[in-house]
Amino acid sequence: MENKNKVKECKKCLEMKSFDSFYNAPKTKDRKQGKCKECMNNVEYKRVLRSKYIYCVINRAWSGWVKVGQADNVDERVKKYNTGSPMRDYECVFKMKVSDIYYAEKNIYNKYNMTNEWTKSDWNDIKKDIIEYENGQKK
């Protein structure tokens, strides 16, 4: 059966739409996104998608190293880190919901010359910069 004959319910607008109305998502069961193209392209919806928590996690075993990441639920993310640590010693020292996670993360990664999510820095400096970026004090 071709995709144009298949229909699926959009998780956002709850309308039944043809498969052609959804973006591809190879890892899903039906290989399509859960929300239709119209909802995904909605400016307000994009704004909500960009609003997430940015956080700093430390592990005292690696003194001076800070992980900067993003998540909808930081506590659950830290639990996942601790699953892989026999000492359960990952600790979230700062989290803040930001209006544009991509902007905040990009600026922090650039300022601290991060090529991955870890940097050898003082987490209080990173915290200060995140707050200043979010408040529009830094560009």
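Author: The model is predicted, with local features needing pLDDT of at least 70 and side-chain atom pairs counting only at pLDDT 80 or more, while totals for chains, interfaces and linings use all residues. Residues are numbered from 1 along each chain as its sequence is written, and side-chain values use heavy atoms, with hydrogens and water left out.

Reader: Thanks! What makes up the secondary structure of the protein?

Author: There are five helices and eight strands. Helices are DSSP runs of H or I with at least four residues, strands are runs of E with at least two, and both are numbered from the N terminus. In that direction the order is β-β-β-β-α-α-β-β-α-β-α-β-α.

Reader: Why is Cys10 called buried?

Author: Buried means under 20% relative accessible area, exposed over 50%, and partly exposed in between, using a 1.4 Å probe and protein chains only. Cys10 has 0%, so Cys10 is buried. Cys13 has 27%, so Cys13 is partly exposed. Across the protein, buried residues make up 35% of the 139 residues.

Reader: How do you know that Cys10 is in no disulfide?

Author: A disulfide is a covalent bond between the sulfur atoms of two cysteines. The test applied here is a pair of cysteine sulfur atoms within 2.5 Å. For Cys10, the nearest cysteine sulfur belongs to Cys13 and is 3.6 Å away. Searching the whole structure gives zero disulfides.

Reader: What makes Glu105 a residue with no salt bridge?

Author: A salt bridge needs a side-chain nitrogen of Lys or Arg within 4 Å of a carboxyl oxygen of Asp or Glu. Lys and Arg count as positive, Asp and Glu as negative, and His and the chain ends are not counted. For Glu105, the nearest side chain of opposite charge is Lys67, 6.8 Å away, and Glu105 is buried yet has no salt bridge. Glu105 sits in helix 4, residues 101–111.

Reader: Which residues is Glu105 in contact with, leaving aside its neighbours within four places in sequence?

Author: They are Ile54, Val68, Gly69 and Gln70. Contact means heavy atoms within 4.5 Å.

Reader: And why does Asn82 count as buried?

Author: Its relative accessibility is 11%, so Asn82 falls on the buried side of the cut-off. Asn82 lies in helix 3, residues 74–83. Leaving aside neighbours within four places in sequence, Asn82 is in contact with Arg88, Asp89 and Tyr90.
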